[in-house]
Amino acid sequence: MITQKTINEIFETARIEDVVGDFVSLKKRGVNLIGLCPFHNEKTPSFTVSPSKNIYKCFGCGEGGNPVNFVMTHENFTYPEALRYLAKKYNIEIEETRTTSESEQERKLFDSLFLINKFAQEWYTDQLLNSNLGKSVGLHYFKERGFLEETIKKFGLGFAPPGGDDFVKTAKQKGYNAELLKKAGLVTQYGKDFFRNRVLFTIHNLTGKVVGFGGRILEANKKAPKYINTAESEIYNKSKILYGMYFAKKAIRQKENCLMVEGYTDVISLHQAGIENVVASSGTSLTVEQIRLVKRYTPNMTILFDGDPAGVKAALRGLDLVLEQDMNVKIVLLPEGEDPDSYLNSLGSQAFEEFISDNARDFILFKTSLLLEETKGDPIKKTALVKDIVNSIAKIPDPIKRSVYIKECALRLEVNEQVLVSSTNKLMQQALTKKKQREAFKQQNEEEGFWPTSEEPSHTDEVAPQPKKSGISDDFQEKDIIRLLVEFGDKEMEPGLSVAFYILANMEDIMEEFDNDFYKLVVKDCYQRVKEKVPLTQKYFLTHKNEKIQRLAVSVMSSPHEYSPNWEAMFGMSLQTQPTPEKNFKRDTIKSVDRFKFRKVDRLCRKNVEKMKSLQERGDVAGYMKAMKVHQKLTKLRKELGDLIGTVGAIK
């Protein structure tokens, strides 16, 4: 178990902008950073990172938290795994206390698979660089491709010898568990090496950890597949991985474009030539998960196709998925007989980049021109082409972009623009109807118990339980009290008087009047901490052992709006009646507490009036007179509070 001292050091060191920036393309907006949310599909950025508060928040799906929360959610890590990841990132030495072997085994399940894969990569690379067979066969192959030793080591390339159990024997001698070797996909069910007599390409996840391998056979063998991949495991899902993304993500953000190629060697060759914003789909059709992975870093994708018209036409059919994700897609067709690797070696890196820039054509317009050549003089084929193009345009979510494509394609296809508009709208309406039918069917089956429902709670902006439905809700005022405690609890109203002490001392007698039970729980937690004279810091909430309190803290600390300093910096215009928001907590605290007390006293007044009516109807004179005295005191207090906050009117 990681010691609290190490945990504290990790939380104090990790910067949210650094951590998120490894996975999401962020742009400056005021004092914050903004980007496309990695947790749900969106085309307008609503994902905000606050360096000053060291938190992130998505105002679209509600996800939010600190650097550790982000790594846990994004990488599906456990809490200890996220801490270890950040410790490694910031070179923090981890101190641990002893724990039981059972819990240690469970905690290290994923770590074990990563360690085994790392060991395998190092062993295969060693076989490539240092064994006689590896050098004469595997290294010779890579050298022929022009790969330098530095590149080979960077990408973790390797060689699997032809012996049936060379790797598994070595792994067992090193103490690696036989079942875990099978789980990692490195050993067959019969205890033999999965990869034999192949050069190997190491597959990394976004954080650079080894999750699998791709193996290419070097001898002519019609019975054996040219490429084989690691079987899917707890840490490897082929549909969610793009080869080379770990090495490419920074360049993709910088160049605001992702080059998509087909094979491993294409990626490596381009990287070695200095063209680093390139990834590969590894010979399979792009999946939605892979497309969204690219979209985290850029909305722009350029796909490089080998110069084979038949192959291009087949590949184009699967690209409507890219349009559905609102990506800007361009196509580059290489000369016939060339692939990115060979053509790069032929032209050189600078000329190759210029070729891409000069020949990149919009996907839909490229598809239209390519297929139009086959329809000359054949109205049936042209009709099919028009339907194909309309089907692609209908996938585009952005109405303005759709309109532009319709106008351009109408000219090229020599078809009336209104016909394309009508056809596109019809397809979109059909798709919407099907979607509604699926949702209705799912909802009906959920209600009848035939459809599995998610056990995970939905992450919405409001993380606390909803307040009571009956009566008047004071949810906003209650949440504002929480906001002040979280953001400014340790600040001083005056020397020796903290914001937290001022708030809690003023509402000690009405703490039970909170409608929202969760907010009441948080306030009582704060009250206990203040009683013990422990500072109520933002860090306390953001690292609270109760995850609901963590999420609530992020929620109240985040806002989609911010005060712009440009009015003062550029135009000399500043706020005239009050300080800027972050310096206005004293006045804010006083007003918020007064409003909160006013609302609660007002409610007590209303309750007491109802009580007086009931006592009067029952003829309980003594009880009525007692309630009348309470009413007079409450009314007086309510008027005083009303005067403070400028509220007119009182219970009579």
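Asn 54 counts as buried (under 20% relative accessible area, with exposed over 50% and partly exposed in between, for a 1.4 Å probe and protein chains only), because its relative accessibility is 12%. The structure is a predicted model, in which local features need pLDDT of at least 70 and side-chain atom pairs count only at pLDDT 80 or more, whereas totals for chains, interfaces and linings use all residues. Residues are numbered from 1 along each chain as its sequence is written, and side-chain values use heavy atoms, with hydrogens and water left out.

**Backbone at two loop residues**

- Asn 54 is located in the loop joining strand S3 (47-50) and strand S4 (55-58); helices (H or I, at least four residues) and strands (E, at least two) are DSSP runs numbered from the N terminus.
- Although Asn 54 is not a glycine, its phi is positive, at about 60°.
- Asp 326, in the loop between helix H15 (320-324) and strand S13 (328-333), also is a residue other than glycine with a positive phi, near 60°.
- Asp 326 is buried, its relative accessible area being 12%.

**Salt bridges**

- The whole structure holds 19 salt bridges, each defined as a side-chain nitrogen of Lys or Arg within 4 Å of a carboxyl oxygen of Asp or Glu.
- Lys 53 pairs with Glu 487, with the closest N and O atoms 3.4 Å apart.
- Since Lys 53 lies in the loop between S3 and S4 and Glu 487 in helix H22, this pair ties together parts that are 434 residues apart in sequence.
- Lys 53 is partly exposed at 24% relative accessibility, whereas Glu 487 is buried at 11%.
- Within helix H22, Asp 480 and Arg 483 are three residues apart, about one turn of the helix, and their salt bridge has its closest N and O atoms at 2.7 Å.
- Asp 480 is buried at 12%, and Arg 483 is buried at 17%.
- A network of salt bridges links Lys 53, Asp 480, Arg 483, Glu 487 and Asp 588.

**Nonpolar cores**

- The largest nonpolar core has 70 residues, and Leu 86, Met 245, Leu 316, Leu 319 and Ile 364 have the most contacts inside it; such a core is a set of buried Ala, Val, Leu, Ile, Met, Phe, Trp, Tyr and Cys residues joined through side-chain atoms within 4.5 Å.
- Helix H18 (residues 363-372) supplies the largest share of this core, six residues.
- A second, separate core comprises 57 residues, including Phe 147 and Tyr 243.
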